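Student: I've got a model open on my screen and I'd like to talk through its strands. Can we go over it together?

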Amino acid sequence: MKKIVVLVSGNGSNLQAIIDACQQGRINGSLAAVFSNKAGVFGLQRASQAGIPAHALSPSQFSDRIAFDRQLMREIDAYAPDLIVLAGYMRILSPDFVAHYQGRMLNIHPSLLPKYPGLHTHRQAIENGDEEHGTSVHFVTDELDGGPVILQARVPIFADDSEAEVIARVQHQEHAIYPLVIDWFMTGRLAMRDRAAWLDDKKLPPQGHAFE
């Protein structure tokens with residue numbers, strides 16, 4: 001069975017969705033390990049509770065980002081994963097790290113990319129008066145939140161919405177689409193070629209596969 005390593009920095013709600021999907025057979029693969037750049041976060045507790053090896057690696061122990069990422073790569077590679085999944089991992093990855101896992105690393109970003117890369121996406125959508133918002137699963141490249149989009153889910157923004165309400169609405173969709181995309185990869189349906197996402201040997205458009 002193919003193996004997945006997940007990187008987290010916080011609560012790990014998407015990690016929980018992935019754990020549940022693996023246990024329920026909705027992802028044809030197993031979680032080999034979870035790594036975090038912060039000790040004591042709930043995401044690591046979720047992994048431990050599910051019997052998954054959980055590791056924390058502190059950036060303060062390393063001279064720079066490159067040294068940290070090299071050690072993280074060594075520890076990840078000990079598990080020989082087929083796929084690296086970023087689930088709320090809040091560190092910018094070094095070019096060497098991205099190149100090492102090119103074509104086999106996924107991220108989920110809380111916006112309809114290419115709109116609102118970076119942080120505070122929900123707040124930006126509300127402040128700009130957007131009527132819809134959403135989330136995007138994409139391959140990771142050396143451009144921040146700029147890799148080929150695989151799948152997006154859209155949610156409405158209502159006039160009296162708080163940021164918390166929009167976040168909850170988006171996360172509900174994230175928990176549905178991230179396990180789905182991971183399973184596509186694990187079953188050989190999904191690949192990255194020529195800096196584009198391909199599903200079932202068909203090149204996906206810039207917004208990814210349509211999801212209803």
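This is a predicted model: local features need pLDDT of at least 70, side-chain atom pairs count only at pLDDT 80 or more; totals for chains, interfaces and linings use all residues.

Student: Which residue in β2 is the bridge partner of Val 8?

Tutor: Start from β1, residues 3–8, which pairs with β2 in the parallel sense over 6 bridges. One of the bridge partners in β2 is the one you want, and for Val 8 that's Ser 36.

Student: What handedness does the crossover from β1 to β2 have?

Tutor: Follow the chain out of β1 and through helix α1, residues 13–23, into β2. That's a β-α-β crossover, and its hand is right-handed.

Student: And going on from β2, which residue of β3 is the bridge partner of Ser 36?

Tutor: The chain leaves β2, runs through helix α2 (residues 42–49) and reaches β3, again as a right-handed β-α-β crossover. β3 covers residues 54–56 and pairs with β2 in the parallel sense over 3 bridges. In β3, the partner of Ser 36 is Ala 56.

Student: Which are the edge strands in the open sheet of 3 strands?

Tutor: The order is β8-β9-β10, with antiparallel pairing. β8 pairs with β9 (residues 196–199) over 4 bridges, and Met 192 has Ala 197 as its bridge partner there.

Definitions and conventions. Residues are numbered from 1 along each chain as its sequence is written. Side-chain values use heavy atoms; hydrogens and water are left out. Two strands pair if DSSP finds at least two bridges between them. Helices (H or I, at least four residues) and strands (E, at least two) are DSSP runs, numbered from the N terminus. A crossover is right-handed if, with the strands pointing away from the viewer, the path from the first strand over the helix to the second runs clockwise.
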